[in-house]
Amino acid sequence: MTVATMSHATAELTRQDRCDRCGAQAFARATLPGAGGVLLFCGHHFRAHESALVAAGAEIHDERHRLQDEVRTPER
Ligand SMILES: [Zn+2]
């Protein structure tokens, strides 16, 4: 059970992962220590909460580099 939780913590984010704050596509995940829990954030909200999450000892999985790719969709 613990192993499954750990693998989830490092799994890549998908389009089905949504920001817990606003429902936008998530590009960062914070796994809180201890009993913890997993929080998902869009780029905007992760930036807003990043320092507090790090201070709380959360493990950060950051895929904000993918934001660039998502935005840079070729226009046709
Ligand atoms: Zn958000």
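A residue counts as buried here when its relative accessible area is under 20%, as exposed when that area is over 50%, and as partly exposed in between. Keep in mind that the model is predicted. Its secondary structure comes to three helices and three strands, and along the sequence these follow the pattern α-β-β-α-β-α.

**The sheet and the helix on it**
- The three strands form an open sheet in the order 2-1-3, and the pairing is antiparallel.
- Strand 2 (37-41) and strand 3 (59-62) sit at the edges with a single partner strand each, so one side of each has no neighbour in the sheet.
- From one strand to the next, the twist averages 15°.
- Four bridges hold the antiparallel pairing of strand 1 (residues 28-32) with strand 3; for instance, Arg29 has His61 in strand 3 as its bridge partner.
- Helix 2 (residues 43-55) packs on this sheet and touches strand 1, strand 2 and strand 3. The direction of helix 2 makes about 140° with that of strand 2.

**Salt bridges**
- The count comes to three salt bridges.
- One of them joins the side chains of Glu50 and Arg64, at 3.6 Å from N to O. Glu50 lies in helix 2 and Arg64 in the loop between strand 3 and helix 3 (65-71), so this pair ties together parts that are 14 residues apart in sequence.
- Arg64 also meets Asp62 in a salt bridge, at 2.7 Å from N to O.
- Arg66 and Glu63 meet in a salt bridge too, with an N to O distance of 2.2 Å.
- Through shared partners, Glu50, Asp62 and Arg64 join into one network.

**Cysteines**
- How many disulfides are there? The count is zero.
- Cys19 is buried, with 5% relative accessibility.
- Cys42 is buried as well, at 8% relative accessibility.

**Whole-chain numbers**
- The accessible surface of the protein is about 5,300 Å², and 54% of that belongs to carbon and sulfur atoms.
- Among contacts with a separation of 6 or more, 37% come from residues 24 or more positions apart.

Notes. Residues are numbered from 1 along each chain as its sequence is written. This is a predicted model: local features need pLDDT of at least 70, side-chain atom pairs count only at pLDDT 80 or more; totals for chains, interfaces and linings use all residues. Side-chain values use heavy atoms; hydrogens and water are left out. Two strands pair if DSSP finds at least two bridges between them. Helices (H or I, at least four residues) and strands (E, at least two) are DSSP runs, numbered from the N terminus. Axes are lines fitted to C-alpha atoms, for helices over the stretch in contact, and angles run from 0 to 180 degrees between N-to-C directions. Contact means heavy atoms within 4.5 Å. Accessible areas come from the Shrake-Rupley method with a 1.4 Å probe; for residues, only the protein chains shown count as cover. A disulfide is a pair of cysteine sulfur atoms within 2.5 Å. Buried means under 20% relative accessible area, exposed over 50%, partly exposed in between (1.4 Å probe, protein chains only). A salt bridge is a side-chain nitrogen of Lys or Arg within 4 Å of a carboxyl oxygen of Asp or Glu.
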